[in-house]
Amino acid sequence: MSSHRKPADGFAFATMVVLCAIWGMQQVAVKLAAPHVPNLMQMALRSGVAALLVSLLCWLRGERGLLRRGPWRPGLLVGVLFSLEFLFVGEGLRHTHASHMGVFLYTAPVFSALGLHWLVPSERLKRTQWLGIAVAFAGIALAFGGGWLRGGLGPGVLRGDAMGLLAGLAWGATTVVIRVSSLSDAPPTQTLLYQLVGGVALLLPVALLTGQAGPITMAPVAWASLLFQGVIVCFASYLAWFWLLRRYLASNLSVFSFMTPLFGVSAGILVLNEHADLSFAVGAVLVLTGILIVSGAGLLRAASALKPGAT
């Protein structure tokens with residue numbers, strides 16, 4: 001397996017800005033469609049739509065039998081982790097705000113950086129990055145504990161926030177598995193297909209067993225939300241993400257996702273009229289600061305690459 005990955009450059013930075021804007025909107029899209037399609041059913045349906053699109057793309061490109069001849073053990077693991085991530089997202093959004101989910105889900109870079117530190121010598125954390133991780137976890141503690149102590153957040157919201165954090169852990173673990181396994185050099189379509197098929201296979205039964213398979217009313221907002229989630233988020237943006245993972249250091253890429261909570265919180269406030277509790281707001285700032293510290297070197301490299309004359 002090739003271990004060569006280059007540091008993030010200007011192209012990676014620009015691509016990540018677009019991806020983060022898309023990812024920041026997905027929690028809002030789920031909330032908007034929730035009155036018409038239960039959350040877990042949304043997670044299963046969007047995985048199914050995206051799986052069909054990826055399969056069609058593979059067929060057109062002559063990439064057939066990817067699941068049969070691929071690295072099925074890590075493929076099975078990332079499929080389970082992907083399902084857990086969106087199980088926690090779907091359940092969490094039943095209790096907490098989209099803006100909260102947007103922050104806790106994107107603690108994933110912290111968890112992936114910790115995992116890669118122990119498993120990949122080229123992605124060892126430096127002292128300043130350990131400081132960033134400490135700051136991020138302090139922010140998580142403040143966002144949880146501060147709102148509870150001040151009485152600003154009820155137990156339901158805290159439960160949803162905890163599920164968002166578990167979703168971030170599952171996403172971070174997915175990045176680590178992809179990076180350290182043979183999936184690191186697998187075609188992006190193969191890596192994505194393992195996850196999407198896993199999402200349908202596991203999330204649909206859970207939705208059925210928990211009574212979240214219906215009722216479904218396909219209003220225009222539901223169609224728009226599911227198409228956005230299935231085509232733009234799960235198909236196009238994830239393919240782009242895995243393509244980047246094959247070419248750039250995972251720790252550099254993951255830290256760019258600090259931008260996603262900014263888009264997510266802004267969308268939650270502007271579109272859903274959500275209110276940001278003071279403790280949560282300060283905690284979110286600390287989380288973002290910690291993520292910035294963890295990948296400061298990658299951001300500086302990206303910035304220098306954007307300067308005129310940079311190569």
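Me: What counts as a helix here?
Reply: Helices are DSSP runs of H or I with at least four residues, and they are numbered from the N terminus. The model discussed below is predicted.

Me: Where is Asn273 found, then?
Reply: Asn273 lies in the loop between helix H12 (259-272) and helix H13 (278-294).

Me: Is Asn273 buried or exposed?
Reply: Asn273 has a relative accessible area of 66%, and it counts as exposed because the cut-off for that class is over 50%.

Me: And what is its phi?
Reply: The phi of Asn273 is near 55°, which is a positive value in a residue other than glycine.

Me: On to helix packing. How is a pair of packed helices described?
Reply: Two packed helices are described by the angle between their axes and by the distance between those axes.

Me: What are the values for H2 and H4?
Reply: The axes of helix H2 (residues 39-60) and H4 come within 8 Å, and they cross at roughly 145°. The crossing of H2 and H4 is right-handed.

Me: Which residues make that contact?
Reply: H2 contributes Asn39, Leu40, Met43, Arg46 and Ser47, while H4 contributes Phe82, Phe86, Leu87, Gly90 and Glu91. By class, the residues of this contact are five nonpolar, three polar and two charged.

Me: Staying with H4, why does Gly79 count as buried?
Reply: Gly79, which is found in helix H4, has a relative accessibility of 3%. It therefore counts as buried, since the limit is under 20%.

Me: What is Gly79 in contact with, leaving aside its neighbours in sequence?
Reply: Beyond four places in sequence, Gly79 is in contact with Tyr194, Gln195, Gly198, Gly199 and Leu202. Gly79 and Val200 are 121 residues apart in sequence, and their C-alpha atoms are 9.5 Å apart in space.

Me: New topic: how many cavities of 30 Å³ or more are there?
Reply: There are three cavities of 30 Å³ or more. The largest cavity has a volume of about 150 Å³.

Me: What lines the largest cavity?
Reply: Its lining has 17 residues, and Glu85, Trp171, Gln195, Tyr238 and Trp241 lie nearest the centre. Two or more lining residues come from each of helix H1 (10-33), helix H4 (72-92), helix H8 (155-180), helix H9 (188-209) and helix H10 (220-245).

Me: And which classes are in the lining of the largest cavity?
Reply: The lining has twelve nonpolar, four polar and one charged residues.

Technical notes: Residues numbered from 1 in each chain as written. Predicted model: local features only at pLDDT ≥ 70, side-chain atom pairs only at ≥ 80, totals over all residues. Heavy atoms only, no water. 1 Å grid on protein atoms, 1.4 Å probe; cavity = no way out; pocket = protein on both sides within 12 Å on 5 of 7 lines; lining within 4 Å. Points joined across faces, edges and corners; volume = space filled by probe spheres on them. Nonpolar A, V, L, I, M, F, W, Y, C, P; charged D, E, K, R; others polar. Buried < 20%, exposed > 50% of the residue type's maximum accessible area, 1.4 Å probe, protein only. Contact = heavy atoms within 4.5 Å. Axes fitted to C-alpha atoms, helices over the stretch in contact; angles between N-to-C directions. Left-handed = near helix turned anticlockwise from the far one by under 90°.
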